[in-house]
Amino acid sequence: MKRAFDKEHIIGVIGLLMLAYGCWKALFVVPAMNHFGEVGRIFFMHVPTAWNALLILTGSFILAIGALFNRKPSWDAALTGSVEVGVLYTALLVVQGSIWARPTFGIWWTWDPRLITAAILLIAFAGVLSARSFANNQGQRLRWTAVATIVAYIDVPIVYFIVKWLPRGIHQPHSFPSTVSTDYHLALRFNAIAMLLLGIWMTFRRARWILQQNAATAMSAAPGAALDAEGRTMVAGVEE
Amino acid sequence: MTRPDEQAETLPWAGAPVASQEQFLSPEADHPNQGKPAQGKGKLFVAVALIVAAASLTWLVVGGVEQNLVYYLTPSELTAKGDDAIGANVRLGGMVAKDSIRWRPEETELKFKVKDHGAEIEVHASSIPPEMFREGIGVIVEGSIGSDGIFQTRRLMVRHSNEYKAPGDQETVDLDYMSQTLEDNGT
């Protein structure tokens with residue numbers, strides 16, 4: 001059977017091309033930063049990663065609320081896909097931050113408010129995925145994932161605003177276009193949009209895979225069974 | 001539409017095999033939703049994940065609460081504590097005072113002064129400073145102050161501003177702004 005071309009690959013390809021261009025600019029074209037030197041170029045990945053981790057988890061929050069209302073397996077799949085991407089980006093964020101902190105701050109890790117809240121974010125959303133794996137059926141899985149996402153989301157605004165609320169820390173306050181050289185804006189924005197597109201692409205891919213797994217589980221449980229609107233297995237129209 | 005089982009068979013990473021006859025006839029088949037394939041492996045993963053999460057949270061709480069909400073004290077605050085501060089493990093944050101750095105690489109001995117608008121404290125370190133370390137930059141040092149008024153540190157951290165400028169581009173955020181962000185505490 002010929003496999004259909006999944007349209008989200010277009011988003012992925014555009015994302016990869018933009019990331020390649022942004023990184024080429026950031027690594028080879030723009031001048032090295034004052035004071036930071038070459039190591040400062042990690043800025044072009046770290047900042048877009050941070051923006052997109054918070055942005056994608058905000059998407060998860062919206063999907064979680066929607067999924068609680070409509071109870072559709074497809075929303076559950078998209079929600080889980082986006083949380084997985086959010087966890088990936090947050091993990092990258094913490095690792096990049098640590099790598100940048102060693103030569104710049106002089107340490108790998110410290111108990112700074114921003115660093116602590118970001119680490120909590122990673123653990124909280126990894127916990128969402130863990131909670132999900134405990135559920136016994138599709139309906140329960142959707143509920144647990146959505147509720148856990150909404151609870152974990154509390155930390156997202158905290159991570160963002162903590163540098164304002166507790167400015168005494170080692171992490172810098174928010175940077176603005178005025179605090180970043182205009183030479184750097186293009187590469188930074190390309191990478192930011194690229195990371196967003198790649199995040200959307202991966203979310204789609206994971207969502208598709210989760211839906212296929214649901215179907216496979218349903219088939220293994222009862223060949224010929226279908227899923228009802230709430231994702232419960234139905235055999236000949238009767239709910240299990 | 002493709003039949004779901006056809007699709008599933010083409011996925012090499014789908015851990016659970018698609019319905020085998022044994023599985024279908026096994027007791028779990030009566031409770032399809034409880035009898036997840038690869039249950040044993042899944043349980044182990046969940047257990048490991050829970051242990052990791054619990055250990056990390058404990059580590060965060062213990063590590064984070066030990067220090068209180070104030071990440072560091074300013075030179076003025078530390079000076080104001082007077083004798084009470086002697087020997088206590090604290091973080092001190094401020095700016096590196098102008099013309100105060102004395103660095104003897106052969107002995108890895110670093111001396112400098114940390115100041116804010118009200119006070120100045122002599123700091124002695126015995127480590128190689130981070131590359132960003134220079135006059136006028138923010139620093140946070142961990143250690144304790146002695147009765148001689150000298151702060152001995154084991155850990156020197158640089159706190160830079162939110163400026164990311166190319167050479168030749170004017171630096172607009174001045175050091176006053178930076179020292180202000182050092183001394184503010186959310187007020």
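Predicted model: local features only at pLDDT ≥ 70, side-chain atom pairs only at ≥ 80, totals over all residues.
Trainee: At what angle do α2(A) and α7(A) pack, and how far apart are their axes?
Mentor: About 40°, with the axes 9 Å apart. Axes are lines fitted to C-alpha atoms, for helices over the stretch in contact, and angles run from 0 to 180 degrees between N-to-C directions. Helix α7 covers residues 182-221 of chain A; helices here are DSSP runs of H or I, at least four residues, numbered from the N terminus.

Trainee: Which residues meet there?
Mentor: Among them, A:Trp51, A:Leu55 and A:Ile56 from α2(A), and A:Leu188, A:Met195 and A:Gly199 from α7(A). Contact needs C-beta atoms, placed from the backbone, within 7 Å.

Trainee: What about α2(A) with α6(A)?
Mentor: Helix α2 (residues 43-70) and helix α6 (residues 155-165) of chain A pack at about 155°, axes 10 Å apart. That makes α2(A) roughly antiparallel to α6(A). A:Leu54, A:Leu57 and A:Thr58 in α2(A) meet A:Val156, A:Val159 and A:Tyr160 in α6(A).

Trainee: Switching topic: is A:Tyr153 buried or exposed?
Mentor: Buried, because 21 other C-beta atoms lie within 10 Å; the cut-offs are 20 or more for buried, 12 or fewer for exposed, and partly exposed in between, with C-beta atoms placed from the backbone. A:Tyr153 is in helix α5 (residues 138-153) of chain A.

Trainee: What does A:Tyr153 contact, beyond neighbours within four places in sequence?
Mentor: A:Leu57 and A:Phe61.

Trainee: Which residues touch the most other members in the largest nonpolar core?
Mentor: A:Leu57, A:Leu79, A:Leu121, A:Leu122 and A:Phe125, out of 71 residues. A nonpolar core is a set of buried Ala, Val, Leu, Ile, Met, Phe, Trp, Tyr and Cys residues joined through C-beta atoms within 7 Å. The largest share of this core, 21 residues, comes from α7(A).

Trainee: And what lies apart from it?
Mentor: Another core, of 26 residues, including B:Tyr71 and B:Phe151.

Definitions and conventions
Residues numbered from 1 in each chain as written. Chains lettered and ligands numbered in written order. Helix = DSSP H or I, 4+ residues; strand = E, 2+ residues; numbered from the N terminus. Parallel < 35°, antiparallel > 145°, perpendicular 65-115°, else oblique. Contact = placed C-beta atoms within 7 Å.
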